[in-house]
Amino acid sequence: CSLPNICLADDLPLEQSLPQGTVLQERWQDIGFGYREVMRSQINPPGMFEGVSHFSFIYFEDEELCQCDRFDTVISPDGSLLIYTNVADGRLMLFRSGGRERIRLSNEFVGYPTRAAWDFSAKQVVVNLTRGKSIIVPF
């Protein structure tokens, strides 16, 4: 420690100076229609490959939707719908902002959404996925 009885985070390895899960930095970026991307750096548990992890999350207002970034989601032109992949189970999901409703679009991992063609008159969307395929889903 550089001062008597005072240890600064810079004086010790991060695992010893701060409890795991401690958020070191958080910043966010507005991505429109009440959605935002939140980026966090936080302390990992002891024994992890790195002392600090970096995560991105998408929120709608105060509700966390997914641990993903803005490039792994597609938002409808009016902002009422958002498609993302739930990293916990790999399922493709649709979020309706009006009722804060989450709808499962797949039963397994099909890829991350990259683009979408929204057809509001037919109430369906063609979603392009990272695995090189597209799926058509109703909304």
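Which residue lies over the face of Tyr59? Here, Arg36 takes that place, at 4.7 Å from the ring centre. This is a predicted model, in which local features need pLDDT of at least 70 and side-chain atom pairs count only at pLDDT 80 or more, while totals for chains, interfaces and linings use all residues. Residues are numbered from 1 along each chain as its sequence is written, and side-chain values use heavy atoms, with hydrogens and water left out.

**Charges over rings**
- A charge sits over a ring if NZ of Lys or CZ of Arg is within 6 Å of the ring centre and within 35 degrees of the ring normal.
- Arg40 also lies over a ring face, that of Phe57, at 4.6 Å from the ring centre.

**Aromatic pairs**
- Rings of Phe, Tyr and Trp (its six-membered ring) pair if their centres lie within 6.5 Å; planes under 30 degrees apart count as stacked, over 60 as edge-to-face and the rest as tilted.
- By this rule there are eight aromatic pairs.
- Phe109 and Tyr112 make an edge-to-face pair, because their ring centres are 5.3 Å apart and their planes are at 70°.
- Trp118 and Phe139 are also edge-to-face, with 5.8 Å centre to centre and 65° between the planes.
- That pair links distant parts of the chain, 21 residues apart: Trp118 is in strand E9 (residues 113-119) and Phe139 in the segment after strand E11 (134-138); strands are DSSP runs of at least two E residues, numbered from the N terminus.
- Tyr35, Phe60 and Phe95 form one aromatic cluster.

**Buried or partly exposed**
- Buried means under 20% relative accessible area, exposed over 50%, partly exposed in between (1.4 Å probe, protein chains only).
- Phe109 counts as partly exposed at 30% relative accessibility, and Tyr112 as partly exposed at 28%.
- Both Trp118 and Phe139 are buried.

Notes
Helices (H or I, at least four residues) and strands (E, at least two) are DSSP runs, numbered from the N terminus.
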